[in-house]
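Trainee: Could you walk me through how to read ligand contacts and ring pairs in a model?
Mentor: Gladly, let's open it together.

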Amino acid sequence: MAAGTSAASIRSANWRHSKGAGNLSNVHLIDHPLIQHKLTMIRDKETGPKDFRELMDEISLLMAYEVTRELPLQEVVVETPICKTTAYTIAGKKVGIVPILRAGLGMVNGILRLIPTAKVGHIGVYRDRETLLPVEYYCKLPGDVEERELIVIDPMLATGGSAAAAITFLKDRGCTSIKLMCLLAAPEGLAAVEAAHPDVDIFTAAIDERLNSHGYIIPGLGDAGDRLFGTK
Ligand code: PRP
Ligand code: URA
């Protein structure tokens, strides 16, 4: 912490879920102190795959709490040991989680701990190392995917090509309710996804500075898939 900066002032500046972040109307920045703390640890190049996986899991759980904030509720009658009362349960469409392979896999379990009945579809997209363009190589989705509230997950939103392609793929299959959740986003990726899919809300725990000439997020955390699976 910089000398003279109080923890309270940092906390009050950071403790928010702000919509319209980065001047883009569909971007939600979720920067709760617990998330910021864990993000700092996950960025650290000394953090090995075991801790990296655990941190991604914990951050995903914390973010899922905000991403699902708008889920509709329905009134139900419940009988407590004292009396009958009206209470609420989740209503409307069921949830589907769609990780973009590989790195999105690291976010699945954290979300499933909050929404254990969600179904999980998988879309395999990798970035061509030369062109940085997305290449699809796998797809397996729940049979009723078009009826679900979908959360597409990928820790890294860099050029935005992979996420935009995955969302297009889902829309081509009739999906109409889609959110995108990532850990780190570059301004370039946020702008690209919002331009391609203005109907999709994007949730991120940080908006970094920019992309480098290899399409990596600066400062970022490096290659998320390699760090998650130890494949460097
Ligand atoms: C990473 C990341 C995203 C993509 C982001 O995947 O997990 O899917 O890059 O980059 P973009 O926004 O420029 O498309 P990568 O292609 O490295 O594949 P991996 O998950 O198999 O490592
Ligand atoms: N994919 C990653 O894993 N990291 C980046 O910084 C950009 C794309």
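Mentor: A polar contact is a pair of N or O atoms within 3.5 Å; within protein, one must be able to donate a hydrogen and the other to accept it, and residues adjacent in sequence count only if both atoms are side-chain atoms. Here, a backbone N or O atom of A103 lies 3.1 Å from an oxygen atom of ligand 1.
Mentor: Some ground rules: this is a predicted model, where local features need pLDDT of at least 70, side-chain atom pairs count only at pLDDT 80 or more, and totals for chains, interfaces and linings use all residues. Residues are numbered from 1 along each chain as its sequence is written, chains are lettered from A and ligands numbered from 1 in the order in which they are written, and side-chain values use heavy atoms, with hydrogens and water left out.

Trainee: Which other residues are in polar contact with an oxygen atom of ligand 1?
Mentor: A polar backbone atom of G160 is 2.8 Å from an oxygen atom of ligand 1, and for an N or O atom in the side chain of S162 the distance is 2.5 Å. On its own, ligand 1 has 500 Å² of accessible area, and the protein covers 91% of it (Shrake-Rupley method, 1.4 Å probe; for residues, only the protein chains shown count as cover).

Trainee: Which residues surround ligand 2?
Mentor: A residue is near a molecule or strand if one of its heavy atoms lies within 4 Å of it. For ligand 2 the surrounding residues include R127, M156, Y216 and D223. A nitrogen atom of ligand 2 is 2.8 Å from a polar backbone atom of G222, while an oxygen atom of ligand 2 lies 2.8 Å from a backbone N or O atom of A224. Of the 240 Å² that ligand 2 exposes when taken alone, the protein buries 89%.

Trainee: How many aromatic pairs are there?
Mentor: A pair of aromatic rings is described by the distance of the centres and the angle of the planes. Rings of Phe, Tyr and Trp (its six-membered ring) pair if their centres lie within 6.5 Å; planes under 30 degrees apart count as stacked, over 60 as edge-to-face and the rest as tilted. That rule gives one aromatic pair here.

Trainee: Why is the pair of Y126 and Y137 tilted?
Mentor: The ring centres of Y126 and Y137 are 5.8 Å apart and the planes are at 40°, so the pair is tilted.
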